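Good morning. Let me put the model on the screen, and then we will walk through it together.

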Amino acid sequence: MAVSTPLLALQGVSKHFHGGGIFKQGRRVQANKEISLSLADGECLGLVGESGSGKSTLGRIILGIEKPESGAVFFQGVNLYGPDKAAVRAVRRDLQVVFQDCFSSVNPRLTAGESIAEPLRNFACPGFRDVLLAVGELLELVGLTPGDAAKYPHQFSGGQLQRVCIARAISLRPKLIVLDEAVSSLDVLVQAQILDLLSDLRAERGMSYVFISHDLAAVAHLSDRLAVMYAGEIVERLDNMENLNCLTHPVSRALLAAILPAQPMNRDTR
Ligand code: ADP
């Protein structure tokens, strides 16, 4: 039987930083250590861990923008840090990102429509009328209106602007979106709406997500599988989200405790 290539495969990825000082003599920080993981088409992998555990560094490595010092990252079978730059360029449009801070993710001088149109113009080169139509459709898809295309970032709420960023990220119909703390700065109600939107878009378009968050509740809402990070390493994995209560690593238990129901009656006492 033929074995299909995973959408994303990380093999022994490591990355360290120097903590500062003009001659980079500062403390050595191992941001990612020997990380291997894979993701199939249409899957959502939750990457959870406390602040500083290495999640965002791994996100940037997956996006092809932070070169690991060892290991390899294959996206659709292409080594993102390999010598074949043309192959990397060809798969790059299938890889998009939504960051936490939507206000600094968009150019404040561009309207929402212009921001969403940018990747379409850069990669797909359609005519003016087609771009206009596509932007209107994308805005509707994320729960806004075509009329919102004329607004500037400061005219949106945080939740609305995050919807604009999502519209921009899905404009090229990517295969994988890295969601880096994408709902973390939103209030709980708006968070739930954006998580539902991401879930609907995934069902509709068959995209995959790597969902990075310190919030296990948000990750559990969207993910099929889970990897828990601590001090640059994956310390626990879960392949079935229904078994969330079976997590055993102390870091996982701490993240789990943070999302336990307020009622002591319902509390898991293990
Ligand atoms: P997380 O996303 O889980 O909060 P990060 O990946 O941002 O963690 O950071 C992991 C570790 O690497 C932290 O100790 C952080 O300070 C360090 N780090 C990340 N990026 C840099 C950088 N550009 N220069 C120096 N240290 C960095």
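One convention before the tour: helices (H or I, at least four residues) and strands (E, at least two) are DSSP runs, numbered from the N terminus. This is a predicted model, where local features need pLDDT of at least 70, side-chain atom pairs count only at pLDDT 80 or more, and totals for chains, interfaces and linings use all residues. Residues are numbered from 1 along each chain as its sequence is written, and side-chain values use heavy atoms, with hydrogens and water left out.

Start with the whole chain. The protein chain has nine helices and ten strands. The C-alpha trace spans about 55 × 55 × 55 Å along its principal axes. Now the radius of gyration, taken over C-alpha atoms; the globule rule is 2.2 Å times the number of residues to the power 0.38. For 270 residues, a compact globule would come out near 18 Å, and the protein chain has 19 Å, which agrees.

How much of the chain is buried? Buried residues make up 46% of the 270. Here buried means under 20% relative accessible area, exposed over 50%, and partly exposed in between (1.4 Å probe, protein chains only).

Next, the sheet. Two strands pair if DSSP finds at least two bridges between them. Strands of a sheet pair through backbone hydrogen bonds, either parallel or antiparallel. Four strands here form an open sheet, in the order S2-S1-S4-S5, with antiparallel pairing. S2 and strand S5 (78–79) stand at the edges with a single partner strand each, so one side of each has no neighbour in the sheet. Inside that order, S1 and strand S4 (residues 70–75) pair in the antiparallel sense over five bridges. Leu-8 has Phe-75 in S4 as its bridge partner.

Now look at strand S9. Why is S9 largely enclosed by the rest of the structure? Because five of the six residues of S9 (residues 225–230) are buried. Strand S3 (residues 44–49) pairs with S9 in the parallel sense, over five bridges. Strand S10 (residues 233–238) pairs with S9 in the antiparallel sense, also over five bridges. Val-48 stands opposite Val-228 in S9. Glu-236 in S10 is a bridge partner of Val-228. S9 and S10 form a hairpin with two residues between them, and Ala-231 in the turn has a positive phi of about 50 degrees.

That brings us to phi. Most residues other than glycine have a negative phi. Gln-76 has a positive phi, near 50 degrees, and is not a glycine. Gln-76 lies in the loop between S4 and S5. Gln-76 counts as partly exposed, at 27% relative accessibility. Glu-181 also has a positive phi of about 50 degrees without being a glycine. Glu-181 sits in the loop between strand S7 (176–180) and helix H7 (188–205). Is Glu-181 buried or exposed? Buried, at 10% relative accessibility.

On to the ligand. A residue is near a molecule if one of its heavy atoms lies within 4 Å of it. 13 residues surround the ligand, and the closest are Gly-52, Gly-54, Lys-55, Ser-56 and Thr-57. An N or O atom in the side chain of Lys-55 is 2.8 Å from an oxygen atom of the ligand. Ser-56 places a backbone N or O atom 2.8 Å from a ligand oxygen atom. Thr-57 has a polar side-chain atom 2.6 Å from an oxygen atom of the ligand. Taken alone, the ligand exposes 560 Å², and the protein buries 63% of that. Areas come from the Shrake-Rupley method with a 1.4 Å probe; for residues, only the protein chains shown count as cover.

Which elements give two or more residues to the shell around the ligand? Strand S1 (8–18), strand S2 (28–39) and helix H1 (55–62). H1 gives the largest share, four residues. By type, the shell divides into three nonpolar, seven polar and three charged residues. In that count, Ala, Val, Leu, Ile, Met, Phe, Trp, Tyr, Cys and Pro are nonpolar, Asp, Glu, Lys and Arg are charged, and the others, Gly among them, are polar.

Last stop, helix H5 (residues 128–141), where Arg-129 lies. Arg-129 is exposed, with a relative accessible area of 62%. C-alpha to C-alpha, Arg-129 and Ser-184 are 36 Å apart in space and 55 residues apart in sequence.

Note on methods: Polar contact = N/O pair within 3.5 Å; in protein donor to acceptor, adjacent residues only side chain to side chain.
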